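Visitor: Hi! Could you walk me through this one?
Guide: Happy to, let's bring it up.

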Amino acid sequence: MSALIVQPRARIFHGHDWVYATEVKNRVGTPRPGAVVSLKEGRGKPLGRVIYNPSSQIPARRFSFRNQELDLDFFTRRIQRAVNHRAGLGINAFLSRLVWSESDGLPGLIVDRYGDHVVIQTLTLAMDLRKEIIIQAIIEVLKPVSIIERNEAAVRRAEGMELIKGVIYGAPSAPAQIKHEGIVFHVDLLDGQKTGLYLDQLDNYQHVAKLAKGRTVLDCFTNQGGFAQACALAGATRVVAVDVSESAIATARSNAESSGTSIEFIAANCFDYLKEADSRRDRYDLIVLDPPSFTKTKQSVNDALRGYKEIHLRALKMLPAGGILSTFSCSHHISMMDFHQMIVDAAVDAKRTLRQVAVYGQRPDHPIIAGLPETEYLRGYAFEVMASW
């Protein structure tokens, strides 16, 4: 078998499962892109099996410490193991991410389930080349009505693949509304956000809502109104939800009507809205900030932190003593330490003293691997304003 020899200080020796191009010392044989390759250290000691793509900045991703092939039996076992893991956590199997890439030992494969329908993404060349086998395994384990691929993520270009989407098995799912803990969502598996919903935030809607009873709430970057609906259902006295997308606001308004919640929806750029609301001296008891990722690369982290600080500064100025800020970052390039320090810096500029109320993370169906910091990307806090200076 072809093999890759890694540099002695490669991160693979420190708990990671990726080998970057700069960490490859030598190649043995002529492995094809997408092939399974043996990984070895300089003296020939085996380090496991990896998927290989020389076109990527990450040419090798380990999927096993043993000599295994990516065949139907392998995918069936790994997918079943992922399903069993989530069942053991008590996660609703019919509305969850059932396979999440490296976190389930399947680098580049994502499987989301929405009732009887499954959405997949194959984001590495090796997984894409084995898509038919993966579909067979999904059918065997999950028995879905349909399987839809949402392979529109830009990361596929880094692997040398085109962006595509469509129904690849069974009868397609028509856009529908689903209910989760009283919150209603419009789910379009072919054209909606991500694979249909932001599944990673489903638990956090309820966590934040526990702070909303009797409060006035501002939900910025509301998208489908998940936080806004949860807060309204929890007894908030007034809820205002803002998003730049008019189509998202229209969907969120329809969702709120279906859930029976009273929410004021505003289509506006949240940066501009917060600035204007601050100048009007608007006040809220609970403000939620859940923006999209401000950075996809390490190079733009500083710019992202400036953007984060601006919205936090504006929001904090609108919170009186006793008010609460619930805030999130969804980029693994922004560390928890950097995110926390940015909030501290914004609080200093806003002349607010903050007391930590809660720490938030991604839903457990997006498992975090200890040695792979890239698997931990969703971070959040709730802070109470103790005093204004």
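**Rings, sheets and helix pairs**

Guide: By the ring-centre rule, the count comes to 14 aromatic pairs. Keep in mind that this is a predicted model.

Visitor: How are the rings of Tyr-205 and Phe-227 arranged, edge-to-face or stacked?
Guide: Their centres are 4.7 Å apart and the planes stand at 80°, so this pair is edge-to-face; planes over 60 degrees apart fall in that class.

Visitor: And which helices do those two lie in?
Guide: Tyr-205 is in helix α5 (residues 202–209), while Phe-227 is in helix α6 (residues 226–233). The pair therefore ties together parts that are 22 residues apart in sequence.

Visitor: Nice. Switching to sheets: what's the strand order in the six-stranded one?
Guide: The order is β2-β6-β5-β4-β1-β3, in an open sheet with mixed pairing. At the edges are β2 (18–19) and β3 (24–28), and each of them pairs on one side only.

Visitor: Do β1 and β4 run parallel or antiparallel, and how many bridges join them?
Guide: Strand β1 (residues 3–6) and strand β4 (residues 36–40) run parallel, joined by three bridges. If you want a spot to look at, Ile-5 stands opposite Lys-40 in β4.

Visitor: What about the seven-stranded sheet, which order does that have?
Guide: That open sheet reads β16-β15-β14-β17-β18-β20-β19, and its pairing is mixed.

Visitor: Let me zoom in on β14 and β17. In what sense do they pair?
Guide: Strand β14 (residues 216–220) pairs with strand β17 (residues 286–289) in the parallel sense, over four bridges. Within that pairing, Cys-220 stands opposite Leu-289 in β17.

Visitor: OK, helices now. At what angle do α1 and α3 pack?
Guide: Helix α1 (residues 72–88) and helix α3 (residues 131–142) pack at about 45°, and their axes are 9 Å apart. The two are therefore oblique to each other. The crossing of α1 past α3 is right-handed.

Visitor: Which residues make that contact?
Guide: From α1 there are Leu-72, Phe-75, Thr-76, Ile-79, Gln-80 and Val-83. Those from α3 include Ile-133, Ile-134, Ala-137, Ile-138 and Val-141. By class, the contact of α1 with α3 has 10 nonpolar, three polar and one charged residues.

Visitor: And α9 with α10, how do their axes cross?
Guide: The axes of helix α9 (residues 301–317) and helix α10 (residues 336–350) come within 8 Å and cross at roughly 45°. That makes α9 oblique to α10, and their crossing is right-handed.

Visitor: What's in that contact?
Guide: On α9, the residues include Leu-305, Tyr-308, His-312, Leu-313 and Leu-316. On α10, Phe-339, Met-342, Ile-343 and Ala-346 are among them. The contact of α9 with α10 divides into 10 nonpolar, one polar and five charged residues.

Visitor: Last one: is α8 roughly parallel or oblique to α9?
Guide: The axes of helix α8 (residues 270–279) and α9 come within 9 Å and cross at roughly 30°. Angles under 35 degrees count as roughly parallel, and that makes α8 roughly parallel to α9. This crossing of α8 past α9 is left-handed.

Visitor: Which residues meet there, and how do they split by class?
Guide: Phe-271, Leu-274, Lys-275 and Asp-278 of α8 meet Gly-307, Glu-310, Ile-311, Arg-314 and Lys-317 of α9. The contact of α8 with α9 has three nonpolar, one polar and five charged residues.

Key: Residues are numbered from 1 along each chain as its sequence is written. This is a predicted model: local features need pLDDT of at least 70, side-chain atom pairs count only at pLDDT 80 or more; totals for chains, interfaces and linings use all residues. Side-chain values use heavy atoms; hydrogens and water are left out. Axes are lines fitted to C-alpha atoms, for helices over the stretch in contact, and angles run from 0 to 180 degrees between N-to-C directions. Angles under 35 degrees count as roughly parallel, over 145 as roughly antiparallel, 65 to 115 as roughly perpendicular and the rest as oblique. A crossing is left-handed if the near helix is turned anticlockwise from the far one by less than a right angle, and right-handed if clockwise. Contact means heavy atoms within 4.5 Å. Ala, Val, Leu, Ile, Met, Phe, Trp, Tyr, Cys and Pro count as nonpolar, Asp, Glu, Lys and Arg as charged, and the others, Gly among them, as polar. Two strands pair if DSSP finds at least two bridges between them. Rings of Phe, Tyr and Trp (its six-membered ring) pair if their centres lie within 6.5 Å; planes under 30 degrees apart count as stacked, over 60 as edge-to-face and the rest as tilted.
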